[in-house]
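Please consider the following two-chain model and the questions it raises.

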Amino acid sequence: MLGMNTAVSVPGFDVARAQRQRETIAALADVLPRAAILYRHEDTAPFECDALTAYRTSPMVVVLPDTEAQVAAILKVCHKMEVPVVARGAGTGLSGGATPHVTGVVLSLAKFNKMTIDPVSCTATVQCGVRNLAISEAAAPYGLYYAPDPSSQIACTIGGNVAENSGGVHCLKYGLTLHNVLRVRGFMVDGEAVEFGSLALDSPGLDLLSIVIGSEGMLAVTTEVTVKLIPKPLLARCIMASFRDIESAGAAVASVIAHGIIPAGLEMMDKAMTAAVDAFVHADYDLEAAAILLCESDGTPEEVEEEIQHMEAVLNAAGASRIEVSRDEAQRLKFWSGRKNAFPASGGISPDYMCMDSTIPRKRLAEMLRAIQQMEVKYELRCVNVFHAGDGNLHPLILFDAEDAAEMHRCELFGADILETSVRLGGTVTGEHGVGVEKLNSMCVQFSAAERAQFMGVKRAFDPLELLNPGKVIPTLHRCAEYGKMHVHRGALPFPELPRF
Amino acid sequence: MSAQDPALARLIDQVSSACEQRTPLDICGGGTKRFYGELPAGAPLDVKPLSGVTCYEPTELVVTARAGTPLRDLEAALQEHGQCLPFEPPRFAPGGTVGGMVAAGLSGPARRALGSVRDHVLGVTLLNGRAELLTFGGQVTKNVAGYDVSRLMVGSLGILGVICDVSLKVLPMSVAMATLSFEWDEARALETLCRWGAQPLPINATAWHRGLLRIRLSGARAAVAAACQRLGGERLETSAAHAWWLSVRDQSDEFFFIGEEILARGESLWRLSVPAVTAELNLSGEQFIEWGGAQRWWRTTAEPAAVRDAAARVGGHATLMKGADRSSGVFAPISPVLMRAHQGLKQAFDPARIFNPGRLYQGL
């Protein structure tokens, strides 16, 4: 999971790479100003990794275009020379989707930061480098906003959101990036301009927009996105409910849904996480509870009133030991402040943490938490848990010290165990962070060889030479074979078909 | 889904031998949408025996059904638990199946408010053109493991593979509903819908036809009551309103009826999908406008090129739903770069080109 060997030790490789680098720079210099081409190590160092910092590769060349024409020209040059291209937004991705290729070009799209809000059609047309939150800020004067709100929304870009099909805490009710994007404009690998989707609600032919969103930059390069804006709810209120044991908290989540309620957000934190974030932001969380739920309602004041009453009744019946409803916006934001700071708070209690992102059916939440508790014992590492409980998306944060090789190794096994358990419980290895390079091994567990071959077929339909972000998402047959062997060898998965609780 | 299942085993056999012999297959469910798309060709591959809701847990808001499951069986199962398919799939005749619903990808009146079929598909199991049984997506809402192949199947008209089962996100039925009616001309209706669309109102469906705008509100009791008061108009009686929206969904309203005689006169029914804010489109003929202006059904004798042009000029596209003259194609042509991606995908999923050849576009 962690630590990828990117050093290529074939004799003569460095010489060949240096030669390749010179040729690539020379060809790019015909289509770009010199200042937009970086290749010295000190200049390219910031591009060595995304937010998955354990994986680093020094890029051969980094380009910083500021027009679509330049993007097209760069792609044409790279396509002709068969140089891999890795598109990059803000570099906030958590799965190494923007990890550079050792003989490739990093296409930084940070300069594409223009946007237009159309309050009449309730859409925003934004360049790929615009930050997620900037869209909602620009739309706010019209009473509109862009719904998907990944936790990194102050920094992450819409281009990256499209690549990852990002979610957020409100996607149970408002959907993922996929549900909120109308049109993507960009370029195919050979530099030809292309548009997926349209300003209408559908387009003729196959729904290519669906396959491009979430394709982790492997099918096309996105330069401009038209997103839906929705009217800002007049009011939002949040319930904070405490539970004495995780089983009743898990059952409460199922019960809310069973009663026909679709909360605007439904989040769970376990006791260890609650303690960590409360120390970090002082959100007045109930530190005695085994788990707390945040359950939000939004809409017109009448709707919210009706729904909050209903939610309270359901949560009480599910055995909540304490319930608090936000009185005003300040208190609502305080409730959320802890949840939104879960990751930095974990950084405060451990030198390093590894964030998992699997999704399981809601009804298995408590079972999963129990399994993680046993894994803490087995791997001798602590794990704190935040869940997008409403949609079963888990973010266990495994705490470890990267300086300690043995701990790091146990952390890898711990993470793999969580992902494999999630698949066995009927879930998936990644809910919103993407596969990137981080979860390549886990893809071997979730998909058959034929399914992985079909993914590769999709990739080649768009990019026959496999130049766009190669090596991500789809593991090779060889890698999967090695992964299977490694597990049997190390004894972590002696009988993969058996339950391991 | 197991290949040991007899109905599935038979399908795998049929696809294998079609693949070996390179004989085209015409994938058939209930046969209720054979009029949609280019003409079907090939030996029939009956998916109906692959039937039944295989997994349904109301608290997960997810249902999995095999492709041949009658839509009415699926909806009855959901209804027992107060849930529904929010995208209101249309049925043009009794007997439609879940597989056909996904392959056609058509959504009903609530589409603009609640999303389309594609928005609610979470996973599929399919047979590709090499007779391999593949599963993509799953039964959870948030899932970004690999490309979103399951949603690519929606509206693909079977050209990429045989859909074997589908997992769908479902929603609780709405607590309260009301239908309001306004006697407004097209311009006023479109202009008002556009304005209301930017406000937090529980508008769930809209339809304008012959000077009458109807709006369906849906949501919490208090929200629907407040919106009724604010928007005005005349409130329709509940059961009459329900029946009327069904007639829109299933196109059993008189507007949509085009018999042989009318076809012979050169009249066609077109579906124009355009940005909702598009002002009046001055085509000859009669229209029925849904989805807040984003879906405009058009009965006209105008030349296909004129209809296509009218849609394309405003950033939309036109589909020929019913018409005698199909010589200019059913679906709007796509750009060469998109067509290359289509051809690449066809090659990737169905290299022997056995599935529904030509049903979506010539050559696919």
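This is a predicted model: local features need pLDDT of at least 70, side-chain atom pairs count only at pLDDT 80 or more; totals for chains, interfaces and linings use all residues.

Residues are numbered from 1 along each chain as its sequence is written, chains are lettered from A and ligands numbered from 1 in the order in which they are written, and side-chain values use heavy atoms, with hydrogens and water left out.

Reader: What is the area buried between chain B and chain A?
Author: Contact (heavy atoms within 4.5 Å) links 68 residues of chain B with 82 residues of chain A. Buried area is the accessible area (1.4 Å probe) that two parts lose on being put together, summed over both. Carbon and sulfur atoms give 63% of the total, which is about 6,000 Å².

Reader: Which residues of chain B lose the most area to chain A?
Author: Three residues together account for 17% of what the chain B side buries. They are Lys142(B), Val144(B) and Tyr147(B).

Reader: How many salt bridges are there between chain B and chain A?
Author: A salt bridge requires a side-chain nitrogen of Lys or Arg within 4 Å of a carboxyl oxygen of Asp or Glu. The side chains of Glu192(A) and Arg340(B) meet in this way, at 2.2 Å from N to O. Between chain B and chain A the count is seven.

Reader: Which helix gives the largest share of the side of chain B that touches chain A?
Author: Helices are DSSP runs (H or I, at least four residues) and strands likewise (E, at least two), numbered from the N terminus. The largest share is nine residues, spanning part of residues 336-349 of chain B, and the element is helix α12.

Reader: Which residue of β10(A) is the bridge partner of Val126(A)?
Author: Strands pair if DSSP finds at least two bridges between them. Strand β6 (residues 123-127) of chain A runs antiparallel to β10(A), with five bridges. Strand β8 (residues 181-187) of chain A is also antiparallel to β10(A), through six bridges, and Val184(A) stands opposite Val225(A). The partner of Val126(A) is likewise Val225(A).

Reader: Why is β6(A) largely enclosed by the rest of the structure?
Author: Buried means under 20% relative accessible area, with exposed over 50% and partly exposed in between (1.4 Å probe, protein chains only). β6(A) is largely enclosed because its buried residues number four of five.

Reader: Which residue in the turn between β5(A) and β6(A) has a positive phi?
Author: Four bridges join β5(A) (residues 115-118) to β6(A) in antiparallel fashion. The two strands form a hairpin with four residues between them, and the phi of about 55° belongs to Cys122(A).
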